[in-house]
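Work through the exercises below with the model open. Try each task before reading its solution.

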Amino acid sequence: MNEYQITFFVDDANASAYVAKPLLHLSKKFKSTLRIINITRNRTAKLSKSVAMLQAGLVNGDLCQITAVGIDAELACFVIKDIIAEHFTLIGAHINYEFSSQLTARLPQICPPSEIQWHYAKAQTELTKFECLKGLAQLIHPQEPDELILAFIKREERSSTCVAPGIGLPHVMFTDIDHISVAVISSDNPINWESKMGEVHLAIALVMPAKPTREQIISATNLTRNLLCDQLPERLLLTKSCIDLQALLMYSMSRLLP
């Protein structure tokens, strides 16, 4: 069954006391399984338990999701969203653009230490690995993508950039940019990434300047290290909203998760 999510940022940990009872009450109204996941602290609890919010251990600055899996999961998230929005900061609220700069302006508290250019596309057909790399290069460098495509291919020839089951991270340094660019292509159809880890559903291109600053190195290192954890790759693969997906990537580039 599909999972639906509400992604939110904790800016008032004391609000947990106010949402615990209504969330417990609502969780028993739906047939779906509802959980709260504290992504920052790698904690998960079923909302049907009276101690769920305590187990989640929300602290100011945490990034969290409420997830619903079941026949009425979408409806459950629709109803619960209002409660979360009243006490926490919803990530995707009032943003209708795919990977928008508006998100970085609205949530500076989860931004990486360096400027990032964000790009996103949803694959509409089955893609080969080359077609995916070509698409990523065109998102980042649409005027002259050929050199970037070649850089991606040369990197893949050294070793597969599949960093976790379902996720590819083609990453290169490139002379024609002075900022970090992150481009994401998500695909419902598996992409053969020629990796022992299997096929890819989420390709995340990370392109850095040839002479990166200290802040740019920190941002890139945070992302690569966090993708080696169990929690983040799973959340990235399951998250439906592209805006929530951008928030997870922004957050993962801003700090190291435990």
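Buried means under 20% relative accessible area, exposed over 50%, and partly exposed in between, with a 1.4 Å probe and protein chains only. This is a predicted model: local features need pLDDT of at least 70, side-chain atom pairs count only at pLDDT 80 or more, and totals for chains, interfaces and linings use all residues. Residues are numbered from 1 along each chain as its sequence is written, and side-chain values use heavy atoms, with hydrogens and water left out.

**Exercise 1. Find the positive phi values of Asn42 and Glu194, and classify the exposure of each residue.**

Step 1. Most residues other than glycine have a negative phi.
Step 2. Asn42 has a positive phi near 55°. The residue lies in the loop between β2 (33–38) and β3 (43–46). At 46% relative accessibility, Asn42 is partly exposed.
Step 3. Glu194 is not a glycine, yet its phi is positive, at about 55°. Its loop runs between β10 (180–191) and β11 (200–209). With 59% relative accessibility, Glu194 counts as exposed.

**Exercise 2. How many salt bridges does a search of the whole structure find? Describe those of Arg235, Asp62 and Glu156.**

Step 1. Apply the criterion: a side-chain nitrogen of Lys or Arg within 4 Å of a carboxyl oxygen of Asp or Glu. The search finds 4 salt bridges.
Step 2. Arg235 pairs with Glu3, the closest N and O atoms being 2.8 Å apart. This pair links distant parts of the chain: Arg235 is in helix α8 (residues 231–238) and Glu3 in strand β1 (residues 3–9), 232 residues apart. Both Arg235 and Glu3 are buried.
Step 3. Asp62 and Arg41 form a salt bridge at 2.9 Å, N to O. Asp62 is in the loop between α2 (52–56) and β4 (63–69), and Arg41 in the loop between β2 and β3, so the pair ties together parts 21 residues apart in sequence. Asp62 is buried, at 1% relative accessibility. Arg41 is partly exposed, at 35%.
Step 4. Glu156 meets Lys129 at 2.7 Å, N to O. The pair links helix α6 to helix α5 (residues 129–140), with Glu156 and Lys129 27 residues apart. Glu156 and Lys129 are both buried.

**Exercise 3. Is Arg155 buried or exposed, and which side chain of opposite charge is nearest?**

Step 1. Locate Arg155 in helix α6 (residues 146–158).
Step 2. Assign charges: Lys and Arg count as positive, Asp and Glu as negative; His and the chain ends are not counted.
Step 3. Arg155 is buried and has no salt bridge. The nearest side chain of opposite charge is Glu156, 6.0 Å away.
Step 4. Beyond neighbours within four places in sequence, Arg155 contacts Thr161, His171 and Val172.

Note on methods: Helices (H or I, at least four residues) and strands (E, at least two) are DSSP runs, numbered from the N terminus. Contact means heavy atoms within 4.5 Å.
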